[in-house]
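Subject: Structure for you to look at

Hello,

Here is the structure we spoke about. My notes follow below it.

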Amino acid sequence: MRALIVTSFYKKMLKEKVESLLSSCFDERKDLFLIDFSISENNEISIILDGDNGIKVEDCMFISKAIEANLDRDVLDFSMKVSSFGATSPLVVARQYPKHYGRILSVKTTDNKYEGKLLKSDGKSILLAWKERQPKPIGKGKITVEKSIDINFNKIKEAKVKVKF
């Protein structure tokens, strides 16, 4: 029982220390931001980053070195993985959207699914636009109509950038 309490104490201490170090890193590098941070049961620290201008290997190294240099492995046994946000991963924070202006997004909302070019993001919603073929109002045939929708972030279940090869 005592070992469980000590382990819990050290986990909490490790988490607080890493959070503090991350905060310092993001104060120094305003272009970087956190997507996800976790510590597993066996002290594996996992940090996922993104940046306003993308992420380079050097950015991950900067975060990794800043944290590892300030943690004592004699006191806290840990492993660490710092990685960038994946190109095919869903967007999870509002700050990720502006760097994708002009790209095609696939967005699942609470009531529908949309695919269109991202035109705007203001931190509260996104604006998507696309072209759609519809029957002519009068006569036979179809016409191309431009459509758009403003989607509030609280309605978005998942948004992914469509990657073209």
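How many salt bridges does the structure hold? There are nine salt bridges in this structure, which is a predicted model.

Salt bridges

R29, D31 and D59 belong to a network of salt bridges. D59 is buried, at a relative accessible area of 8%. R29 counts as partly exposed at 22% relative accessibility, and D31 counts as partly exposed at 21%.

Another of the salt bridges joins K147 and E132, whose side chains meet at 3.7 Å, N to O. This pair links distant parts of the chain, with K147 in strand β7 (residues 142–152) and E132 in strand β6 (residues 125–135), 15 residues apart. K147 is partly exposed, its relative accessible area being 32%. E132 is partly exposed as well, with a value of 30%.

β1 and β2 pair in the antiparallel sense, over seven bridges. In this pairing F37 stands opposite I47 of β2. The hairpin of β1 and β2 has four residues between the strands, and N43 takes a positive phi near 60° there. N43 is not a glycine. The residue lies in the loop between β1 (32–39) and β2 (44–51), and it counts as buried at 16% relative accessibility.

β2 also pairs with β3: the two run parallel and are joined by six bridges. I47, which stands opposite F37, stands opposite V82 in β3 too. From β2 the chain crosses through α2 to β3, and this β-α-β crossover is right-handed. As for cover, six of the eight residues of β2 are buried, which makes the strand mostly covered.

Cysteines

Which residue has the cysteine sulfur closest to that of C25? That residue is C60, and the two sulfurs are 12 Å apart, too far for a bond. A disulfide needs the pair of sulfur atoms to be within 2.5 Å, and by this rule the count is zero disulfides. Seen from C60, the closest cysteine sulfur is in C25. C25 is buried, with a relative accessible area of 4%, and C60 counts as buried at 11%.

Surface

F9, Y10, M13 and V75 make a nonpolar surface patch of about 360 Å². One of these residues, V75, lies in the loop between α2 (57–68) and β3 (79–84). V75 counts as partly exposed, at 44% relative accessibility.

One is the network of salt bridges that links R29, D31 and D59. The other is β2, which is paired with β1 in the antiparallel sense and with β3 in parallel.

Regards

Note on methods: Residues are numbered from 1 along each chain as its sequence is written. This is a predicted model: local features need pLDDT of at least 70, side-chain atom pairs count only at pLDDT 80 or more; totals for chains, interfaces and linings use all residues. Side-chain values use heavy atoms; hydrogens and water are left out. Buried means under 20% relative accessible area, exposed over 50%, partly exposed in between (1.4 Å probe, protein chains only). Patches are made of residues with over 30% relative accessible area and no salt bridge: like charges are joined within 9 Å, nonpolar side chains (Val, Leu, Ile, Met, Phe, Trp, Tyr) within 5 Å. Accessible areas come from the Shrake-Rupley method with a 1.4 Å probe; for residues, only the protein chains shown count as cover. A salt bridge is a side-chain nitrogen of Lys or Arg within 4 Å of a carboxyl oxygen of Asp or Glu. Two strands pair if DSSP finds at least two bridges between them. A crossover is right-handed if, with the strands pointing away from the viewer, the path from the first strand over the helix to the second runs clockwise.
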